[in-house]
Amino acid sequence: MTDLNPSPLTPADLDPAEFQPADLAALGEGHIAYVRPIRSDEVRRFFPQAPELTPGLDLFALLSASGAPIMLADSRDVVLANAAAHDLQPVSLH
């Protein structure tokens, strides 16, 4: 796994008034991935290039820290294995 920056944070680093939307989107990028249950009806919202799927299927999406789609699978275990293979720490998103 890639080492995180060991530099200590200062109060200025944590000032919410200084955070921009891009700063928040980049937090955890390359280190964290979100596992999100998703219905096949929602797939095109996250994966616009996906083919038409049978409605009502329960699937799992792996999304980067910024929300960019990484992969889609019908098994949570497959998504978790893909995250581990890419040195990403998976967290659940509900």
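**Terms and basis of the model**

A residue is called buried when its relative accessible area is under 20%, exposed when that area is over 50%, and partly exposed in between, using a 1.4 Å probe and protein chains only. By this definition Arg 36 is buried, with a relative accessible area of 17%.

This is a predicted model, in which local features need pLDDT of at least 70 and side-chain atom pairs count only at pLDDT 80 or more, while totals for chains, interfaces and linings use all residues. Residues are numbered from 1 along each chain as its sequence is written, and side-chain values use heavy atoms, with hydrogens and water left out.

**The sheet**

Strands (E, at least two residues) are DSSP runs numbered from the N terminus. Two strands are said to pair if DSSP finds at least two bridges between them.

Strands E1 and E2 (residues 58-64) run antiparallel and are joined by 7 bridges. Among the paired residues, Ile 38 has Leu 59 in E2 as its bridge partner. Strand E1 covers residues 32-39 and includes Val 35. Val 35 is buried, at 2% relative accessibility. Although Val 35 and Arg 76 are 41 residues apart in sequence, their C-alpha atoms are 7.8 Å apart in space.

**Salt bridges**

Side chains of opposite charge can pair when their charged atoms come close. A salt bridge here is a side-chain nitrogen of Lys or Arg within 4 Å of a carboxyl oxygen of Asp or Glu. The whole structure contains 4 salt bridges.

A network of salt bridges links Arg 36, Glu 42 and Arg 45. Between Arg 36 and Glu 42, the closest N and O atoms are 3.6 Å apart. Glu 42 also meets Arg 45 in a salt bridge, at 3.6 Å from N to O.

Another salt bridge connects Arg 44 with Glu 52, where the closest N and O atoms lie 3.7 Å apart. Arg 44 is partly exposed, with 42% relative accessibility, whereas Glu 52 is exposed, with 65%.

Note on methods. Helices (H or I, at least four residues) and strands (E, at least two) are DSSP runs, numbered from the N terminus.
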